[in-house]
Amino acid sequence: MPGIGDPRFEQAVILVCAHDTDHAMGIRLNEAAEDLPLGLLFERLGVEGRPVDPAQAVLAGGPVEQERGFVLHTDDHFDRNASLAVGGGLAITATREVLKAMTDPMTAPRRSVLALGYAGWGEGQLEDELRENVWLTAEAHDDILFDQDHDTKWVRALARIGVDAAHLSGQMGRA
């Protein structure tokens with residue numbers, strides 16, 4: 001929401017990947033890491049082969065552990081020892097093996113995006129922020145999760161739940 005009070009999350013679109021009583025973890029999906037296409041990252045990491053889409057932007061997934069990579073992908077690629085089912089046909093994996101799989105059209109997930117870092121919340125923090133109307137929630141859709149039009153994802157995510165971004169205000173109140 002406007003007025004979140006934290007510039008790291010202004011107009012953020014975040015997929016919550018894990019949520020339990022102790023913590024929550026999500027990946028920001030609408031901020032590309034500056035000047036870092038997937039092919040260049042693979043080259044820097046020494047991953048053999050080139051990703052299926054080397055020009056795809058690597059995302060700035062959040063402020064926590066920004067040097068750590070997470071691949072959000074469709075669950076047609078799933079390593080039961082390393083992948084976490086997110087739900088809705090999605091999984092998240094943080095291994096070199098998933099990077100290697102992304103270099104071969106036969107083993108690559110149907111859709112995927114790599115993010116550096118994640119957003120994290122401590123016990124009860126996300127619940128408190130939701131009660132305070134800091135965040136709006138919506139169902140996940142592939143076109144928001146995986147497309148490369150990062151500049152319009154926030155507006156499109158709002159539109160999916162019937163909200164016009166132009167009508168939002170950073171002012172809060174109680175009725």
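**Exercises: cores, strands and rings**

Let's start at methionine 25: leaving out residues up to four places away in sequence, it touches Leu15, Val16, Cys17, Ala18, Phe70, Ile92, Tyr118, Ala119 and Trp121 (contact means heavy atoms within 4.5 Å). The model is predicted, with local features needing pLDDT of at least 70 and side-chain atom pairs pLDDT 80 or more, while totals for chains, interfaces and linings use all residues. Residues are numbered from 1 along each chain as its sequence is written, and side-chain values use heavy atoms, leaving out hydrogens and water.

**Exercise 1.** Find which residues have the most contacts inside the largest nonpolar core.

*Solution.* Step one, the terms: a nonpolar core is a set of buried Ala, Val, Leu, Ile, Met, Phe, Trp, Tyr and Cys residues joined through side-chain atoms within 4.5 Å. Buried means under 20% relative accessible area, exposed over 50%, partly exposed in between (1.4 Å probe, protein chains only).
Step two, the core: it has 17 residues, and Leu15, Met25, Ile27 and Leu29 have the most contacts inside it.
Step three, the suppliers: β1 (14-19), β2 (24-28), β5 (64-74), β7 (90-93), β8 (112-121) and α4 (142-146) each give at least two residues to this core. Helices (H or I, at least four residues) and strands (E, at least two) are DSSP runs, numbered from the N terminus.
Step four: another core lies apart from it, with 13 residues, including Leu38, Val47, Val58 and Val71.

**Exercise 2.** Work out how β2, β4 and β5 run relative to β8.

*Solution.* Strands pair if DSSP finds at least two bridges between them.
- β2 runs antiparallel to β8, with 3 bridges; Met25 stands opposite Gly120.
- β4 is parallel to β8, joined by 2 bridges; Leu59 faces Ala115, and Ala60 has Leu116 as its bridge partner.
- β5 is antiparallel to β8, with 6 bridges; Leu72 stands opposite Val113.

As for cover, 9 of the 10 residues of β8 are buried.

**Exercise 3.** Classify the ring pair of Phe9 and Trp135, then that of Phe70 and Tyr118.

*Solution.* Rings of Phe, Tyr and Trp (its six-membered ring) pair if their centres lie within 6.5 Å; planes under 30 degrees apart count as stacked, over 60 as edge-to-face and the rest as tilted. The whole structure has 3 aromatic pairs.
First, the Phe9 and Trp135 centres are 5.9 Å apart with planes at 75°, so this pair is edge-to-face. Both residues are buried.
Next, Phe70 and Tyr118 are also edge-to-face, at 5.6 Å centre to centre and 80° between planes. Phe70 sits in β5 and Tyr118 in β8, so the pair ties together parts 48 residues apart in sequence.
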